[in-house]
Amino acid sequence: MDAHLLTETLIRGASAGLLLLLAAVLLRHVRCCVASRAGAVFALGTAAYAIQSSETLCAHIGAWDYLLTFLSMQCVTFFWWFANAALDDDFEWQSWHWTPFAVLSVLIALYLFVPPLSSAAGIVAKLIMLGLALHVLWMALAEHRNDLLEQRRRVRLLFVAGIGIACLGATLLEMFVGTDQLPQWASMLMAVETLVLSLIFAMFLLQPSAPLMRANNGNAPPQPSGASPADTYELQQLESLMRTGFYTRESLTISDFATELDIPEHRLRILINQQLGFRNFTAYLNSYRLSDARNALADPAQARRQITQIAFDLGYGSITPFNRAFKAEQGMTPTEYRRMALAEQQVTH
């Protein structure tokens with residue numbers, strides 16, 4: 001065995017060992033949250049990829065190669081699950097989250113056991129992986145500015161986006177070059193990349209206050225910490241601004257609030273998170289907007305007012321995010337809420 005191959009084998013073996021250990025640790029806490037369970041299967045999938053992509057390690061696994069190939073090709077699905085659960089405070093597991101796994105399972109079976117369809121199945125599988133990796137990148141970056149947890153904001157860029165780009169790059173290389181034709185430098189680069197990202201993955205998930213592994217609190221009541229005189233003054237400024245209806249402006253960002261209040265943006269993030277208990281800026285805005293929406297929908301004088309107009313007047317750019325936020329909070333659509341509220345008032349009177 002030449003020095004290059006030995007080095008690459010050791011690197012991939014180290015990655016696999018670290019990831020298997022991490023999966024074992026996470027599996028002890030599977031009841032903690034969906035992110036913990038998804039993180040465990042992602043660690044297993046990445047360990048399978050580290051082994052399966054090593055010519056030396058793969059030569060000694062025999063029939064286990066089929067299982068490792070399956071887990072390796074599902075790795076992006078597992079990461080997509082993890083990113084959804086870890087980055088979205090309102091995430092709830094739905095049956096449709098199984099769709100990429102089910103579709104890829106069929107394609108992997110065709111790839112492994114139906115030679116005439118192997119090439120076509122492999123290409124379609126890679127395209128699905130590309131789509132999932134791109135969606136993870138979009139999730140990591142789209143809500144970056146709205147995230148009020150400073151540690152998680154860094155994680156979005158350094159960790160989730162980094163792994164998303166790595167998955168994207170690996171998939172593109174395998175699509176256009178092929179795993180058997182990778183040049184030595186590319187194979188070594190992917191091995192080192194896997195080890196580095198595995199170390200970062202373990203570092204973020206094993207620290208006591210890991211922001212990605214906390215159970216989602218949804219709309220849990222705020223639990224503010226002790227407020228200093230400066231905090232109290234700034235909170236009063238913020239509350240005064242909200243009483244003016246500032247939150248009804250469209251396309252508001254936390255930067256707009258910071259500019260209006262003349263408070264540094266990072267300071268305002270800490271204030272809203274630690275003193276008001278919100279983990280996401282959009283959730284903070286919705287706490288005011290949806291309160292106004294409930295009042296408008298329950299008002300008989302506004303019974304003929306279009307729900308779309310109510311959403312626009314409250315600062316929503318379209319009806320879709322309004323409907324989604326309202327149903328997440330109330331468990332029913334705005335139309336259903338209006339019908340129920342007005343019917344209850346008729347009975348009362």
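The model is predicted: local features need pLDDT of at least 70, side-chain atom pairs count only at pLDDT 80 or more, and totals for chains, interfaces and linings use all residues. Residues are numbered from 1 along each chain as its sequence is written, and side-chain values use heavy atoms, without hydrogens or water.

**Helix packing**
- Helix H6 (residues 99-113) packs against helix H7 (residues 115-142) at about 150 degrees, with the axes 7 Å apart. Helices are DSSP runs (H or I, at least four residues), numbered from the N terminus. Axes are lines fitted to C-alpha atoms over the stretch in contact, and angles run from 0 to 180 degrees between N-to-C directions.
- That angle makes H6 roughly antiparallel to H7 (over 145 degrees).
- Contact residues (heavy atoms within 4.5 Å) include Leu-104 and Leu-107 of H6 and Ala-121 and Ile-128 of H7.

**Salt bridges**
- The structure holds eight salt bridges (a side-chain nitrogen of Lys or Arg within 4 Å of a carboxyl oxygen of Asp or Glu).
- Glu-265 and Arg-145 meet at 3.0 Å, N to O. Glu-265 lies in helix H12 and Arg-145 in the loop between H7 and H8, so the pair ties together parts 120 residues apart in sequence.
- Glu-239 pairs with Arg-243 at 3.8 Å. Both lie in helix H10, four residues apart, or about one helical turn.

**Exposure**
- Arg-243 is exposed, at 60% relative accessible area, whereas Glu-239 is partly exposed, at 32%. Buried means under 20%, exposed over 50%, partly exposed in between (1.4 Å probe, protein chains only).
- Glu-265 is partly exposed at 21%, and Arg-145 is partly exposed at 42%.

Key: Helices (H or I, at least four residues) and strands (E, at least two) are DSSP runs, numbered from the N terminus. Angles under 35 degrees count as roughly parallel, over 145 as roughly antiparallel, 65 to 115 as roughly perpendicular and the rest as oblique.
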